[in-house]
Amino acid sequence: MQVLEDIYPSRVYDQPRITLRRDPVVWAESSRATAGPLSDQQIAEFVERGHLFLPELFDAAEVKLLLDDITALGKDREIQQSPACIYEPSHGIVRSLFNIHSVSDLFNRLVADRRIATAAMQILGSGVYIHQSRVNLKPGFHGEQFYWHSDFETWHVEDGMPRMRAISCSILLTDNNPFNGPLMIVPGSHTKFVSCVGKTPEEHYKQSLRKQEYGVPDTDSLTQLVKDGGIVAPVGKAGSVLFFDCNVMHGSSGNISPWPRSNMFCVYNSVENTLVEPYGGTAPRPEFIAARRIKPVVPVDCFHS
Ligand code: 6CS
Ligand code: FE
């Protein structure tokens, strides 16, 4: 039974609305910030801009192990045929592989890697668990776009995530440059909530993970957010890490360059922000997209087992 008030209604009005965020960006256990690897300056940057880029946090040998693991997973027929393997709408190329931390021991350790997991705990001010993990593959010439969106809008409406107390961590597995479809972010947009128009169809995820059509912000709201914050594309070497807030507006273009863009994403949610019934009234999405069986992350040294 739904008991929590919906403070972020979306896909319910016939006109878009922009309202203010009603949650902190960095959550503290007490009046003092939670201890962790990020400096006060890095925390302040995340609060203000809604994202933080950490160049080459993982080294080349670590990145190679991760890429080799993805290549092996990609050859596995069971994985190829699983619902967690999402193909591009216009051709048979793999767009995303969801729940990668559940099918690979290495990625299972990676999401708990001390360098990233403790930063997530520091920002969210609590223990964390993995709400979602995936790799998004954008091979040279063929990778397609991800239109502008706030992840939280979808996770709230379709998954029942109550508050803005989750962050994404993207590990760049290939170099990201201005030409191969890097993630683009609207700095500061995480402080506003764009209520989108449209009623979510049942089993929307079967379509939306290939091309999203509901939970898409309107162009006037996007224009306003970009007028206020501009657009940045944090790019850098493979092994770099991008943390971004669950509500920051982001998207990426197709990759018509020859260079592949392969990025791994894991979403840390606070153990105090677990999922309830979806606010949009549809059936909950499957476990491989939105975890309800919670396993708190225990930090490890991923590559020294
Ligand atoms: O539906 C989702 O959960 C997701 N969709 C997008 C476009 N980004 C984040 C997440 O993977
Ligand atoms: Fe996203």
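Me: How far does a polar side-chain atom of arginine 134 lie from an oxygen atom of ligand 1?
Reply: This is a predicted model, in which local features need pLDDT of at least 70, side-chain atom pairs count only at pLDDT 80 or more, and totals for chains, interfaces and linings use all residues. Residues count from 1 along each chain as its sequence is written, chains are lettered from A and ligands numbered from 1 in the order in which they are written, and side-chain values use heavy atoms, leaving out hydrogens and water. A polar contact is a pair of N or O atoms within 3.5 Å (within protein, one must be able to donate a hydrogen and the other to accept it, and residues adjacent in sequence count only if both atoms are side-chain atoms). For arginine 134 and ligand 1, the distance is 3.3 Å.

Me: How much of the accessible area of ligand 1 does the protein cover?
Reply: Aspartate 151 has a side-chain N or O atom 3.1 Å from a nitrogen of ligand 1, and tryptophan 155 puts a polar side-chain atom 2.9 Å from one of the ligand's oxygens. Ligand 1 on its own has 300 Å² of accessible area (Shrake-Rupley, 1.4 Å probe; for residues, only the protein chains shown count as cover).

Me: Why is the arrangement around the iron ion (ligand 2) irregular?
Reply: Donors are N, O and S atoms within 2.8 Å of the metal (3.2 Å for Na, K and Ca), and water is not among the atoms, so sites may look incomplete. Four donors are tetrahedral if all angles lie between 85 and 135 degrees; four are square planar and six octahedral if opposite donors are over 155 degrees apart and all others between 65 and 115; anything else is irregular. Here the four donor atoms subtend angles of 80 to 168°.

Me: Which residues are the protein donors of the iron ion (ligand 2)?
Reply: The spacing pattern in sequence is H-x1-D-x98-H. The donor atoms sit 2.1 to 2.2 Å from the iron. The protein donors are His149 (NE2), Asp151 (OD) and His250 (NE2).

Me: Is aspartate 159 buried or exposed?
Reply: Its side chain meets that of arginine 285 in a salt bridge at 2.7 Å, N to O (a side-chain nitrogen of Lys or Arg within 4 Å of a carboxyl oxygen of Asp or Glu). Buried means under 20% relative accessible area, exposed over 50%, partly exposed in between (1.4 Å probe, protein chains only). Arginine 285 is at 7%, so it counts as buried. At 0%, aspartate 159 is also buried.
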